[in-house]
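Here is a short briefing on one protein and its ligand. Keep the sequence and the 3D view open as you read.

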Amino acid sequence: MNSSSKIRSWEITSESNYLNRRQFLQAAGLAAGAGAAAALPGRALAAVRELDTVPGPYSTDEAPNSWEDITTYNNFYEFGTGKEDPYRNAQDFQPRPWSVKVSGECEKPGNYDYEDIVGPYTLEDRVYRHRCVEAWSMVVPWVGFPLGDLLKRFEPNSDAKYVRFKTLYDPQRMPGQRRAVLRWPYVEGLTIAEAMHPLTLMAVGVYGKELPNQNGAPLRLVIPWKYGFKGIKSIVEIEFARRQPDTSWEMAAPHEYGFYANVNPEVDHPRWSQARERRIGAGLFAEKQATLMFNGYAEQVASLYSGLDLRKNY
Ligand code: MTE
C-alpha cells in the first residue's frame, strides 16, 4: 500500500494541525515521499524515512504538537543540555547498523539486530500525552509496537522482576557524553508489569516517519503515564533483572527523581509544583492546564500500583 495515501489518526483528529504539518514539512523539503535530506537555514536535516503504519489503540483525541515542536524541543543530554541542542547536534549521528544486547533472566539472551527486533511487528500510530518533570507537556503521534510483545520473545523466567535499559555509550558519536553532566551511559528501568503493560511502547517513529535522531533513533521507550525521563532513547541493552535497577536521574538526584516517576499532580518536585503543566506550542500567554493523575491514563494503569504509597514511591 502507498503509505502516503493512508489517513492517519492525527489527520482525523486535527486536520488544521495536519495541514500545518504539511506546510512545515514542505517548507523543510520533507513532504511525504520526499524523505531525503533537507535544508533548513544553516542546518542540514538527517533523512527520515516514511513508515507503513496502522492506527493503534489508546490514542488521545487532543491535537498533536507540530513536527517542529516535537523535533526541536528535546532532552537528550548525549547531544547537549539545552532544549535545541539535540536537534542541532544529533543530525550527523548514524543510527544504523544497530543491535541490542539482551541478557539476564530469560531463555533467549543474545545480540539482536534492529531488523530482528522490529521486523515481526505491525507498526502502530499512537497519539500519547507526553509530560516532562519540568512541567511542560506535548501530544506526540508516536509510531511503535508494544514493548511487552518484544520482551515475551526472549522468554523471561519467573526471576525477571524488573527490566533494565541502557543507551549507547559512544562519546565519539554522542558529544554530550564528553562532559560528566550525568553518569554515562543513560540507564532506566521498569517493573516487569510496567514493561508488559499494553500502553508501554517501543517507539521507532513519530508522525509516520522513522525517529529523527534527536528523538531517540532508532529505538526508544514511551511510557505515557510516567514523566518523560523514563523514556530512554537509543537503546542498546535490555536486561531482565531480579532487583530494582539504578536509573540515571535517581543516581543524579535521588531526592528529586524516583524509580516510579508516575505523573502525579499531588507530589511536588522538591523545587516546583507538579500540579499544572505548560503545553508547548500553546503560545506564551496561554494558561497552564491542570495535570492529570498518571497523565490521564489512570483507568488503564492505576491497578499496577494498588497498595503502593505513591508519595513515598515517587
Ligand atoms: N534518554 C537518554 N538517553 N538521554 C536523555 O538525556 N532525556 C529524557 C528522555 N530520554 C534523555 C532520554 C527526558 S528528561 C525527557 S523529558 C525525554 O527523553 C524527552 O525527549 P522527547 O521529547 O524526545 O521524548
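This is a predicted model: local features need pLDDT of at least 70, side-chain atom pairs count only at pLDDT 80 or more; totals for chains, interfaces and linings use all residues.

**Around the ligand**

- The space that the ligand takes is the largest pocket.

- The side chain of Asn74 has an N or O atom 3.0 Å from an oxygen atom of the ligand.
- Asn75 uses its backbone instead: an N or O atom there lies 3.4 Å from a nitrogen atom of the ligand.
- Thr167 has a polar side-chain atom 3.0 Å from a nitrogen atom of the ligand.
- On its own, the ligand has 530 Å² of accessible area, and the protein covers 98% of this.

**Cysteines**

- Is Cys106 buried or exposed? Cys106 has 9% relative accessibility, so it counts as buried, because the cut-off for buried is under 20%.
- Cys132 has 7% relative accessibility, so Cys132 counts as buried too.
- A disulfide is a covalent bond between the sulfur atoms of two cysteines.
- How many disulfides does the model have? The count comes to zero, with a pair of cysteine sulfur atoms within 2.5 Å as the rule.

Note on methods. Residues are numbered from 1 along each chain as its sequence is written. Side-chain values use heavy atoms; hydrogens and water are left out. A polar contact is a pair of N or O atoms within 3.5 Å; within protein, one must be able to donate a hydrogen and the other to accept it, and residues adjacent in sequence count only if both atoms are side-chain atoms. Accessible areas come from the Shrake-Rupley method with a 1.4 Å probe; for residues, only the protein chains shown count as cover. On a 1 Å grid over the protein atoms alone, a cavity is a set of points where a 1.4 Å probe fits but cannot get out, and a pocket is an open set with protein on both sides within 12 Å along at least five of seven lines; lining residues have an atom within 4 Å of a point. A molecule sits in a cavity or pocket if more than half of its atoms lie within 2 Å of its grid points. Buried means under 20% relative accessible area, exposed over 50%, partly exposed in between (1.4 Å probe, protein chains only).
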